[in-house]
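Reader: Could you give me a close look at a single part of this one, with the cut-offs spelled out? I'd like one connected answer.

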Amino acid sequence: MAKNIIISGWYGMGNVGDEAILQAMIDKFKNEFSDCKITVFSYNPTYTKENQGVNAVHHLPYGIISWLARIFYNGKFWPTFFSILKCDLFIMGGGGFLSDWQPESPYLWLRECMFAKILGKNTLLYRIGAGPFITQKGKNTVKFFIDNFVDEVSVRDKTSFNHLVNCAKIDSSKVNIEIDPVAQMDMSSYKNKDDGYISVIYTPFYDREQFWPGLQSKWNQLKNCFIVQVKTLIACNKKVRMVFFQPEQDNILAQDFYEVFGNDIEICMPKNYKEAIMILAKSSAVISFRLHGNIISYALNKPFMPIIYHHKTKGFLDIINYKANEVVIEVGEGKNWKDLLLDESEWIDKTKMFIELLKKNDINTFYKK
């Protein structure tokens, strides 16, 4: 039985989706191992302790020099090393971090599993997103670390499975497909009332000229489509609530929408994942560009309209057998955009279709649990 569990991932940054993943994992493992102690590797241990109520320490430092300097001169990472020494199970959990679109990413994440395995610990990649793998080096890195330092892998969609098995050449017997943990969260503590608002979740994901040189005009197209969609909702007499999952990253976009719509919309900046879930729980429906806006809606049994920018959203829709495919909008795959210009009329038409489907007042129109 696992007494001491470490959960490592993209935690402590205030992203609602990531923090919900972490809470879902904490709940699951505490339910399975009632007397277990959980420690989280976090980028902001204080934030994680306050919001999740568990012990939290810093991630491993990046390079050899920083390891030595930080360990021996300020002691910041001693709790990190001691927690690995004491743990029974090391889990790298949730999120779509296993890709080489940032070349250093596979190594920086998987080296933590390596360190734990060298110390004789059981290691698990738990319901992660994987791929795309762009370089041969990225594929080789992932294969080397998983083959040698990871005991078991579960991914949250079929495309991630294919990226690992067909691209990185991981033995298929080592990889399972399981739904994102947030989809199985117990939402009974959230008041599931309908206040008549449609919650809309956007993010300036593509507003990154440094990552996608020459494609900034595509972000301008996407933002215009966002605006057109909100205008369509208002024209159809729907109350609109905009919910931003990562306020520090999304505040400029929120201000842009306020300048366009003023008091015609409500703008929410939830402080943590609990606030975000409470907001969605009282909504009549959700439109979401973010993956976990869709997943939380599913867990709350709310109708939702997904906007796909990455295979992880498509994978989630497949795994829940999402039925309302006529309202799904696709704007790209991973870091790649559609070759064609985004069509604002498509956004208008599909938003109106979504509103018509809502009139049926039947969740089975969208999915069946």
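Author: β4 and strand β5 (residues 122-128) pair in the parallel sense over five bridges, where pairing takes at least two DSSP bridges between two strands. Strands here are DSSP runs of E, at least two residues long, and helices are runs of H or I of at least four, numbered from the N terminus. Across that pairing, Met92 sits opposite Leu125 in β5.

This is a predicted model, so you'll want the ground rules: local features need pLDDT of at least 70, side-chain atom pairs count only at pLDDT 80 or more, and totals for chains, interfaces and linings use all residues. Numbering runs from 1 along each chain as its sequence is written, and side-chain values use heavy atoms, with hydrogens and water left out.

Back to β4: strand β1 (residues 4-8) also runs parallel to it, joined by four bridges, and Ile6 has Phe90 as its bridge partner there. Five of the five residues of β4 (residues 89-93) are buried, so the strand is largely enclosed by the rest of the structure; buried means under 20% relative accessible area, exposed over 50%, partly exposed in between, using a 1.4 Å probe and protein chains only. Both faces are covered, with Leu89, Ile91 and Gly93 on one side and Phe90 and Met92 on the other.

What about cores? A nonpolar core is a set of buried Ala, Val, Leu, Ile, Met, Phe, Trp, Tyr and Cys residues joined through side-chain atoms within 4.5 Å. The largest has 89 residues. Apart from it lies another core, of 33 residues, and that one includes Phe90 and Met92, along with Phe77 and Phe145.
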